[in-house]
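User: Could you walk me through this structure step by step? I am new to this, so please explain any term that I need along the way.
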Amino acid sequence: MIPINAVFVFGLLIFFIGLFGVLFRKNLVIMLMSLELLLNGVNILLAGLSHQLRSPRGSIFAIFVILMAVSEAAVGFGLVLSYFRQKKTYDMDEFNELKG
Amino acid sequence: MFALIPLFPLVGTLLNGILGIRYFSKKTVHTIAVGAVGLSFLASIWSLVGLLRSAEPVVVKTLYSWIPGSLVRLLGGRAATVSFDLAFRYDSLAAVMTLVVTGVGLLIHIYSVGYMSHDRSYARFFAYMNLFTFAMLILVLGANLAVMFIGWEGVGLCSYLLIGFWFTKDSAANAGKKAFITNRVGDFGFLLGAALLIAVLGTLDTAGITAAVEEGSIDKGLATAIALLLFLGATGKSAQIPLYTWLPDAMEGPTPVSALIHAATMVTAGVYMVARLHALFSFSGTALTVVAVVGALTAVYAASMGFVQNDIKRVLAYSTISQIGYMFVGLGVGAFSAGVFHLMTHAFFKSLLFLAAGSVIHALSGEQDMRKMGGLRKAVPKTYAVFMVGALAIAGVPGLSGFFSKDEILVAAFASGSYAVWALGLLGAGMTAFYMFRLIFLTFYGSDRVEPEAKHHLHESPGVMIVPLAILAGLSAVGGYIGLPRVLGGGQWFARFLASSTGEHEAHLAAGTEILLMLVSTAVALAGIYGAYHAYVKNEGRPAERFAARFKALYRLVVHTYFVDEFYNGVIVGGVLKLGRLCARFDERVVDGAVNGAAWLTRKVSSLSIGFDTHVVDGAVNGIGTVHRVFSAGLRRLQTGYVYNYALAIVLGIVIVISLVVTVF
C-alpha cells in the first residue's frame, strides 16, 4: 500500500517540474512536454485520491484528462510543426509577434 | 433679276477668301474675282435694259421679312407698325450706281491683276475687293436705310481691311485704324438719324420716307435734325469737312484700292445717300443749305492742300475730297441729278488718274514722291497719254466729261441764287486745274530727277494695266455726252433718266447766261493750267519757291494741312487718351484697390480661421491621441509577446486567487 503522502509528494513533484519547464525553458517542444507533465502530475493526484477515498470518480476524471492530453498533444504538435516551418527554430524568444 | 447683281461678288469673295488663300493658283484667283465682277456688270446692264423697257420706274424685291412688324408708339403719339424687310430697290439712281460700281470696279479688278501680280497675299486682296464690291452693291441697292446700313458698314470694314492691306507696315495699319474710327464717328450720326426716323415716322423705307415727307407728316425741325445727322454720316464716309482727315492717310493702301474705294465708289456713298433721300433734304431747306456750304468749303479747302503735296497719291486724295465737295454743292443747290452726274464722271476720271498714278509708281519701283520724278513722258508714253486725258477731264477743259458735270453743278449753283457757293466752286475749279497740272508737269515734264536705282528698272506697265486705263480714258473723254446740256444741243438725257428717282430740276437761266457761265469756267480752268505751266515748266518751280518764301506762315499752314490733324490728335484723340488714362488710374487705384482690399481681408480672416483650426481643433484631436499614447506607453510593456511571460502571469494570478481564497475563507 502506497502511503497517501507519497502520492501527494510525487504528484506535486511532477506538477512543479512541469510548471518549471513551461515557465523557464525556451524550447517549444520541451514546453509542450512539460505541459504533459503538468497534466500527469494532476492525474497522479486524481488517481491516488480516488484510491484513498475508495471512489471511482477520480480515476474516471483522470481518464478524461488523459484523453484531453492526447488530443491536446496532437493539436499542439501540429501547431509546433507549422511554427517551425515558418521560423526554422524552436526558440521561444523568436516568437514574440504579439509584443505590444 | 437685279437681286443677282450683288450675289456674284459674294460668291467670289467666299471662294477666294475661304479656299483661294490656301488652294488656288493666282490664275484661278483672279479668274474668279474678275469673273464675279464681270458677271455682276453684265447683270447690271441687263437690269438697266429691263428698266428702260418696262413702264415701271421702280422695282422693289423683298427677299424676306428681316424684323417682322410690331406695333410701336411714335414720337407724336401716333401708333404705327414698324417692320424691316431685307429688300432691294432698283430704279434709275440704283442703275447708275450699280453700273459705276461694277463697271469701274471691273476695270480696276483687271488692272489689279497686273498691279498686284508680285504680291504674296494675292487671294486675300481679291477676296477683300470682291467683298467690297458686294457691300457697295448692297449699299446702293438697299430699299431701306437698314439694308443700306449693312452695306454702309461693310464698305467701311473693307476700306479698313484694304488700307491696312500691307499691315506689317506701321503707317498702313494706323491709317486703316484712323479711317475706320473716323468713319465710326460719322456712322454714329447715320445711326442716330435712322433711329430718329424710326421714332418719328416708324419707317426706314426710302419710299416710305419720301411719301411721309410729301404728305407733310413730319415736323420741319425734326426733318432738319434727321437730315443733318444723316449728313454727318455722309461727311464721314465721303471725307468732307470736318471728317476728311482719314482720306489722305488712306493712300497707304494699294493703288487699285485707292482708285476703287477712295475715289470711285465708297467715298461717293454719302453723295448717293443724300441723293436717295433728296425728298427729306429738300423738305428741310436748312439741311440742303448746310450740304451746299460744306461742299463748297470742302471743295476749295481741300484743293488748297493739293497745291503743296509732294506725294502723287496724296495730291489725288485731296483732289478727291475737293471733287466730292462739288458733288455736295450740286446736291445742296437742289440739282441732285447734277451731283450724281459728277459722281459718275468723277468715278471715271479719278479712278483713271489713280490707276495711272499707280502705273507711274509701278514704273518707278514704288516711288511716290513727285520730287523724284520728272520728264517721264518719254519713258511711259501710254501712261502719260491717259494721265493727260484724266487731268484735262478733271480740270474741266471743254469737250471732256468733267467739263459737263462740273459745269452743270456751277450753273445750278448760279441759278439757285447762292452766288457765294458758285464763286467758291469757280475758285475751286481754277485751283483744281492748277494743282492737277502741277502734278502733270512735275511728273512728266521738266528735268529728270529719277533716282538711278529706279531709273534702271524704269518700264511701261504691262497690257493688263494699260487696257483698263485706255477704257477709262475713253469713258473720261466721252462719258459727259450723256448729260449734254440743252444749251449745247443735248437732251440732258442723264437728268431726265434720273428724274424718276431724284426729282426734276430746272435751271431757270437764259441760254446766253448759261453760255457765259461756261465760258467763265472754261477761262478759269485754262488760267489754272497756264498758271501751272508758267510756274512749273517755264520757270521750273521758281515762282512757287518765291511764293513759299514770301508767305512763310501761310505756306507752313497749308503744308501742315492747316494743323487739323494735330488739332484732332491733340484735342479729340488726346482728350480720349487722357480720359482713358484717368479711367485707368481710377481702375488701378479704386477698383483694383477694392478688389485687393477684399482679397487682403479674406486672407486675414482665413489665416485667423487657419490658426483656430491648427491650434484649437487639431490641438484637441492630437491631445486626445497624446493622452492615450502617454497612458498606453506603460501598459504596452506588459505585452511582451513571449508565451512564458503570459504563462507566468497566469500562474501568479492563480497563486494570488488561491491565496486570497485560502486567507479570506
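Analyst: One term first: a polar contact is a pair of N or O atoms within 3.5 Å, where, within protein, one atom must be able to donate a hydrogen and the other to accept it. Please keep in mind that this is a predicted model.

User: How many residue pairs are in polar contact across the interface of chain A and chain B?
Analyst: Across that interface the rule finds 1 residue pair in polar contact, with both residues at pLDDT 80 or more. Helix H1 of chain A, residues 4–24, gives the most to the side of chain A that touches chain B, namely 3 residues.

User: And what classes of residue are on the side of chain A that touches chain B?
Analyst: That side of chain A has 7 nonpolar, 2 polar and 3 charged residues. The contact as a whole takes 12 residues from chain A and 11 residues from chain B.

User: How much area do chain A and chain B bury between them?
Analyst: The two chains bury about 980 Å² between them, and 70% of this area is on carbon and sulfur atoms.

User: What is the count of salt bridges between chain A and chain B?
Analyst: The count between these two chains is 0 salt bridges, whereas the structure holds 10 salt bridges over all chains.

User: Which residue forms a salt bridge with B:Asp91?
Analyst: B:Asp91 forms a salt bridge with B:Arg276, and the closest N and O atoms of the pair are 2.7 Å apart. B:Asp91 lies in the loop between strand S2 (79–90) and helix H3 (92–115) of chain B, while B:Arg276 lies in helix H11 (residues 269–276) of chain B, so the pair ties together parts that are 185 residues apart in sequence.

User: Switching topic, how much space lies in the largest pocket?
Analyst: About 810 Å³ of space lies in the largest pocket. This pocket is lined by 29 residues, and the closest to its centre are B:Phe307, B:Arg438, B:Tyr536, B:Ala544 and B:Glu545.

User: Which elements give two or more residues to the lining of that largest pocket?
Analyst: They are helix H18 (419–444), helix H22 (511–538), helix H23 (542–550) and helix H24 (552–559) of chain B. By class, the lining of the largest pocket has 19 nonpolar, 5 polar and 5 charged residues.

User: What about cavities, how many of 30 Å³ or more are there?
Analyst: By the rule used here the count comes to 2 cavities of 30 Å³ or more. The largest cavity holds about 50 Å³ of space, and among the residues that line it are B:Phe403, B:Lys406, B:Asp407 and B:Leu410. The largest share of this lining, 4 residues, comes from H17 of chain B.

User: And which residues line the second largest cavity?
Analyst: The second largest cavity, with a volume of about 30 Å³, is lined by B:Ser337, B:Phe341, B:Glu408, B:Gly483, B:Gln492, B:Phe494 and B:Ala495. Helix H15 (336–363) and helix H21 (493–502) of chain B are the elements that give two or more residues to this lining.

User: Last topic, the backbone: which residues does a cis peptide bond join?
Analyst: A cis peptide bond joins B:Ile241 and B:Pro242, with omega at about 10°, and B:Pro242 lies in the loop between helix H8 (220–237) and helix H9 (246–249) of chain B.

User: What is phi of A:Lys88 near?
Analyst: Phi of A:Lys88 is near 55°, which is a positive value in a residue other than glycine. A:Lys88 lies in the segment after helix H3 (57–87) of chain A.

Notes. Residues are numbered from 1 along each chain as its sequence is written. Chains are lettered from A and ligands numbered from 1 in the order in which they are written. This is a predicted model: local features need pLDDT of at least 70, side-chain atom pairs count only at pLDDT 80 or more; totals for chains, interfaces and linings use all residues. Side-chain values use heavy atoms; hydrogens and water are left out. Contact means heavy atoms within 4.5 Å. Buried area is the accessible area (1.4 Å probe) that two parts lose on being put together, summed over both. A salt bridge is a side-chain nitrogen of Lys or Arg within 4 Å of a carboxyl oxygen of Asp or Glu. A polar contact is a pair of N or O atoms within 3.5 Å; within protein, one must be able to donate a hydrogen and the other to accept it, and residues adjacent in sequence count only if both atoms are side-chain atoms. Ala, Val, Leu, Ile, Met, Phe, Trp, Tyr, Cys and Pro count as nonpolar, Asp, Glu, Lys and Arg as charged, and the others, Gly among them, as polar. On a 1 Å grid over the protein atoms alone, a cavity is a set of points where a 1.4 Å probe fits but cannot get out, and a pocket is an open set with protein on both sides within 12 Å along at least five of seven lines; lining residues have an atom within 4 Å of a point. Grid points are joined across faces, edges and corners, and a volume is the space filled by probe spheres set on the points.
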